[in-house]
Amino acid sequence: MATYDMQSEMFNVPTKLLRFDSGIELTVGEHIALGKQILVVLERLTDNEWHTVGEISASTGIQVTSVDAQLRNLRKEKHGGFDVEYKRINKVAHYKLNGRG
């Protein structure tokens, strides 16, 4: 679950906009740059559990190919440089968010 924090110490402008229960925070600029799909995938991963692309797709309503692309994007520095861990269990890929890289 995400909460919004609109407090700022200077200029009364929000510095942190989105804070997940896992402790990950996104600034206003990061939130705007990421876009809706990637934020939905990110929020789904903040429970510190392992998930398959199919599970993420089913729970978010985002197509499997788009979930796969957003998992790749989350690792990129321009999208936050998140540490998305990957492992295979019985030939099925599982993903887990470990914070920022």
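**Entry 1. Ground rules**

I number residues from 1 along each chain as its sequence is written. Because this is a predicted model, I note that local features need pLDDT of at least 70, that side-chain atom pairs count only at pLDDT 80 or more, that totals for chains, interfaces and linings use all residues, and that side-chain values use heavy atoms, with hydrogens and water left out.

**Entry 2. The chain as a whole**

I looked up the secondary structure and found four helices and six strands. I take both as DSSP runs numbered from the N terminus, helices being H or I with at least four residues and strands E with at least two. Read from the N terminus, the order is β-β-β-α-α-β-α-α-β-β.

I then looked up burial. Of the 101 residues in the chain, 37% are buried. The classes are buried under 20% relative accessible area, exposed over 50%, and partly exposed in between, with a 1.4 Å probe and protein chains only. The accessible surface of the chain is about 6,300 Å², and carbon and sulfur atoms hold 51% of that. Accessible areas come from the Shrake-Rupley method with a 1.4 Å probe, and for residues only the protein chains shown count as cover.

Among contacts in the chain with a separation of 6 or more, 34% are between residues 24 or more positions apart.

Two packed helices are described by the angle between their axes and the distance between the axes. I looked up both values for two pairs that include α4. Axes here are lines fitted to C-alpha atoms, for helices over the stretch in contact, and angles run from 0 to 180 degrees between N-to-C directions.

The axes of α3 (residues 53–60) and α4 come within 9 Å and cross at roughly 115 degrees. The two helices are therefore roughly perpendicular to each other. The scale calls angles under 35 degrees roughly parallel, over 145 roughly antiparallel, 65 to 115 roughly perpendicular and the rest oblique. The α3 and α4 crossing is right-handed. On the α3 side the contact is made by V53, I56 and S57, and on the α4 side by V64, V67, D68 and L71. As for handedness, a crossing is left-handed if the near helix is turned anticlockwise from the far one by less than a right angle, and right-handed if clockwise.

For α2 and α4, the axes come within 9 Å and the crossing is at roughly 80 degrees. This pair is therefore also roughly perpendicular. From α2 the contact takes Q37, I38, V41, L42 and L45, and from α4 it takes S66, V67, Q70, L71, N73 and L74.

I picked V41, which lies in helix α2 (residues 36–45). V41 is buried, at 0% relative accessible area. Leaving aside neighbours within four places in sequence, I find V41 in contact with I56, I62, V67, Q70, L71 and L74. V41 and L71 are 30 residues apart along the chain, and their C-alpha atoms are separated by 7.5 Å.

E43 is also in helix α2. E43 is partly exposed, with a relative accessible area of 33%. The C-alpha atoms of E43 and I24 are 9.8 Å apart, and the two residues are 19 apart along the chain.

**Entry 3. Salt bridges**

I counted a salt bridge where a side-chain nitrogen of Lys or Arg is within 4 Å of a carboxyl oxygen of Asp or Glu. The structure holds two.

One joins R72 and D68, at 3.2 Å from N to O. These two are four residues apart in helix α4 (residues 64–75), so about one helical turn separates them. R72 is partly exposed at 47% relative accessibility, and D68 is partly exposed at 31%.

D47 and R44 form a salt bridge with their closest N and O atoms 3.4 Å apart. Both are partly exposed, D47 at 34% and R44 at 25%.

**Entry 4. Positive phi**

I checked two residues other than glycine for positive phi. N48 has phi near 65 degrees. N48 sits in the loop between α2 and β4 (51–52), and N48 is partly exposed at 48% relative accessibility.

K91 has a positive phi of about 70 degrees. K91 is in the loop between β5 (82–89) and β6 (92–100). At 77% relative accessibility, K91 counts as exposed.

Note on methods
Contact means heavy atoms within 4.5 Å.
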